[in-house]
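Me: Please go through this structure with me, one question at a time.

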Amino acid sequence: ARKSAFKADAASVVWHAKGSAALVTVSAHVDASNQNYYGDAVLYLVSIKKKEIVRVDLDKEGPVYDAQWDPAGRGFVVVYGYMPSMATLFANDGTPRYAFGSGPRNTVSFSPHGRLLALCGFGNLPGQVEIWDKNGEPKKVGTTIAPCVTECAWSPDSRWFLAATTYPRLRVDNGVRILAVDGSTAFLQTEKSIAPMEDDPNPVTSAHLTVGGKQVPKLEPCIIHAL
């Protein structure tokens, strides 16, 4: 399949876990209407099996901040539109399944098992973090504020959400916090300068985190009754 995109400066591709489809965000650095600082963007869904490329219909104008597949292969989530942005869960064929509503968000992060989803507003946004449980009808199970975050990641066992402010992206207020899925802070460490974080890939010790060469103490498993 082939698709032409005009007035585009860049494109990003996010593949489905099975390689059967891809999300392609085509963006222009300058919005011709001068309405948006981030420029303009269009999201396409590429189906390898059907050999077709279709535009994903988004119900709010504006940029596409992030688009990520569910690791379990059950659809994808897109954050889009002028602030406050919208976030929507789509089926694998691009059909809207659930609207998470609007808010100051620009980041999507799925837990490794795909059940939990973090919708965040980092960068020049206040740092709002929402944790959603996608099992059945999606429901919000936690929320917090994590300001000045430069990188985030889930632990391999999906129990913890890691948010860090690191050097050289930011030279002040460096630190790392580990959040439970209810949004509560399980661990917080601040340093004058912190190198980018690295999570232990071994699920047995997934709460071990190296921050600036120092290992964060192992955390006990977290049980959230809402899940």
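Reply: Buried means under 20% relative accessible area, exposed means over 50%, and partly exposed is in between (1.4 Å probe, protein chains only). This is a predicted model, in which local features need pLDDT of at least 70, side-chain atom pairs count only at pLDDT 80 or more, and totals for chains, interfaces and linings use all residues. Residues are numbered from 1 along each chain as its sequence is written, and side-chain values use heavy atoms, with hydrogens and water left out.

Me: Is Cys152 buried, partly exposed or exposed?
Reply: The relative accessible area of Cys152 is 25%. Buried requires under 20% and exposed over 50%. Cys152 is therefore partly exposed.

Me: How many disulfides are there?
Reply: A disulfide is counted for a pair of cysteine sulfur atoms within 2.5 Å. The sulfur of Cys152 is 5.2 Å from the closest cysteine sulfur, in Cys120, which is too far for a bond. Cys120 itself is buried, with a relative accessible area of 0%. The number of disulfides by this rule is 0.

Me: How many helices and how many strands does the chain have?
Reply: Helices (H or I, at least four residues) and strands (E, at least two) are DSSP runs, numbered from the N terminus. On that basis the chain has 0 helices and 19 strands.

Me: What percentage of the residues of the chain count as buried?
Reply: The chain has 227 residues. It exposes about 11900 Å² by the Shrake-Rupley method with a 1.4 Å probe, where for residues only the protein chains shown count as cover. Carbon and sulfur atoms supply 52% of that area. The buried percentage of residues is 48%.

Me: Which residue in strand 8 is the bridge partner of Leu89?
Reply: Strand 7 (residues 85-90) and strand 8 (residues 96-103) are antiparallel, with 6 bridges. The two form a hairpin with 5 residues between them, and Gly94 in the turn has a positive phi of about 95°. The partner of Leu89 is Tyr98.

Me: How are the planes of Tyr98 and Phe100 arranged: stacked, tilted or edge-to-face?
Reply: Rings of Phe, Tyr and Trp (its six-membered ring) pair if their centres lie within 6.5 Å; planes under 30 degrees apart count as stacked, over 60 as edge-to-face and the rest as tilted. The structure holds 6 such aromatic pairs. The Tyr98 and Phe100 rings have centres 5.2 Å apart and planes at 75°, so the pair is edge-to-face.

Me: Which residues do ring pairs link into a cluster?
Reply: Trp69 and Phe76 have ring centres 5.1 Å apart and planes at 70°, so this pair is edge-to-face. Both Trp69 and Phe76 are buried. The cluster consists of Trp69, Phe76 and Phe90.

Me: Which residues does Phe122 touch, not counting those up to four places away in sequence?
Reply: Phe122 lies in the loop between strand 10 (116-120) and strand 11 (128-133). Phe122 is buried, with a relative accessible area of 8%. With contact taken as heavy atoms within 4.5 Å, Phe122 touches Asn106, Thr107, Gly127, Val129, Ala146, Val149 and Cys152.

Key
Two strands pair if DSSP finds at least two bridges between them.
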